Amino acid sequence: MSKIFVNKKGARRVRGGHLWIYKSDVIKIEADGGAVVSVYDEARNFIGKAFYSDSSEITLRIFTIRDEEINKEFWRRQIKNAARRRKPAKTEDQRPKTDAQRLIYSEGDLIPSLIVDDYAGVFVIQTLSQGTEKLKETFVEILREEFEPRAIIERNDVKVRQRENLEMKTGVLYGEAPDEITIEQDGIKFYVSPLGGQKTGSFLDQRENHLALRRHAFGRGLDCFTFNGGFALNLARSCESVLAIDISEDATALARRNAELNQISNIEFQTANVFDALRDFETKGEKFDTVVLDPPAFVKSRAALKSATRGYKEINLRALKLLNKNGILATCSCSFHMSEDLFLQTIEEAARDARRRVHLIEKRTQASDHPILVGMPETYYLKCFILRVID
């Protein structure tokens with residue numbers, strides 16, 4: 001049996017609820033890269049079982065603290081347990097509110113470095129460490145046996161795999177995958193390209209926030225960093241008109257197609273740099289009743305936090321200046337390093353500099369199919385605050 005011994009610091013982290021042990025905390029290795037290993041402290045007390053990586057700074061990813069046999073049936077139980085937690089929300093006529101969800105959220109579901117998204121029966125899998133890459137065929141077999149998907153696609157083209165000395169690749173692992181899928185979320189349809197879109201084909205983590213904002217949005221809406229139009233199409237249900245902006249022509253083209261798919265005609269799409277557009281609106285004296293800020297991750301590392309905070313402050317300050325009295329601001333950060341407290345502080349500073357007073361109406365996170373594991377702060381990355389300008 002492969003074994004790894006770690007120091008007190010590493011053992012303490014796992015016993016506190018975290019799942020990662022770093023290279024600096026490993027004191028003895030009796031294993032090959034990608035192996036499932038038993039982890040012990042310096043006194044040879046059992047800590048848990050983990051995936052071992054011989055190249056990443058994250059050397060160990062714990063998936064159980066029980067000394068149990070790890071085989072295909074163990075992984076079947078883990079996957080089935082994750083699926084049971086995804087009890088779909090239903091409409092009044094008992095139809096599911098969405099046919100797309102994250103089926104497995106890595107550390108959040110105690111299967112570290114494994115992602116599985118379900119787009120209307122087309123599964124997209126990411127194996128992001130040496131351990132899950134080695135077990136990829138097993139995971140695909142279990143997914144086929146338990147869920148009978150139309151197809152299983154791998155989107156292993158993300159940079160994190162380079163830290164694991166794993167090649168970048170995409171392709172169909174099972175079935176016949178269409179180039180494009182149509183999914184539905186709370187009555188709104190979206191095109192998804194599982195082999196070529198962002199992440200695993202789309203973003204599923206804002207679905208519940210899209211729905212929440214429908215309750216508050218009104219008047220003239222502005223959706224910044226619109227991507228596929230997720231917020232814009234939902235705003236269109238509550239607003240008289242919506243202007244949706246993204247710097248990517250491909251993104252605005254996709255968002256426009258999604259609007260046409262839903263026969264929504266009260267959205268104008270514009271390809272522009274959001275920072276420039278916000279300054280231009282302010283210069284022209286433009287006003288809005290609802291503004292959404294959903295930028296890409298500004299903070300890729302802790303070292304970039306200071307400059308990223310300035311970026312978050314600028315867009316929030318300018319958005320607050322553009323809002324009419326009693327207007328709604330939905331502002332988001334998908335950067336793990338931007339903590340909830342720091343994000344709220346940044347918004348407070350932006351409001352003060354904009355000379356606006358605001359109410360915090362809702363504090364929201366990523367959708368519930370991206371569960372936050374207590375003790376593992378890295379699983380809590382998306383912050384979404386809904387505010388009202390009262391003065």
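## Strands and their pairing

Strands are DSSP runs of E that are at least two residues long, while helices are runs of H or I of at least four residues, and both are numbered from the N terminus. Two strands count as paired if DSSP finds at least two bridges between them. This is a predicted model, in which local features need pLDDT of at least 70 and side-chain atom pairs count only at pLDDT 80 or more, whereas totals for chains, interfaces and linings use all residues. Residues are numbered from 1 along each chain as its sequence is written, and side-chain values use heavy atoms, with hydrogens and water left out.

## The five-stranded sheet

Five strands form an open sheet with mixed pairing, in the order β7-β8-β9-β10-β11. At its edges lie β7 (100-105) and β11 (169-175), each of which pairs on one side only. From one strand to the next, the twist averages 20°, where axes are lines fitted to C-alpha atoms and angles run from 0 to 180 degrees between N-to-C directions.

## The cysteines

A disulfide is taken to be a pair of cysteine sulfur atoms within 2.5 Å, and by this rule the count is zero. Cys239 is in no disulfide, and the nearest cysteine sulfur, that of Cys224, is 13 Å away. Cys239 is buried (under 20% relative accessible area, with over 50% called exposed and values in between partly exposed, using a 1.4 Å probe and protein chains only), at a relative accessible area of 7%.

For Cys332, the closest cysteine sulfur belongs to Cys384 at 3.6 Å, which is too far for a bond. Cys332 is also buried, with a relative accessible area of 1%.
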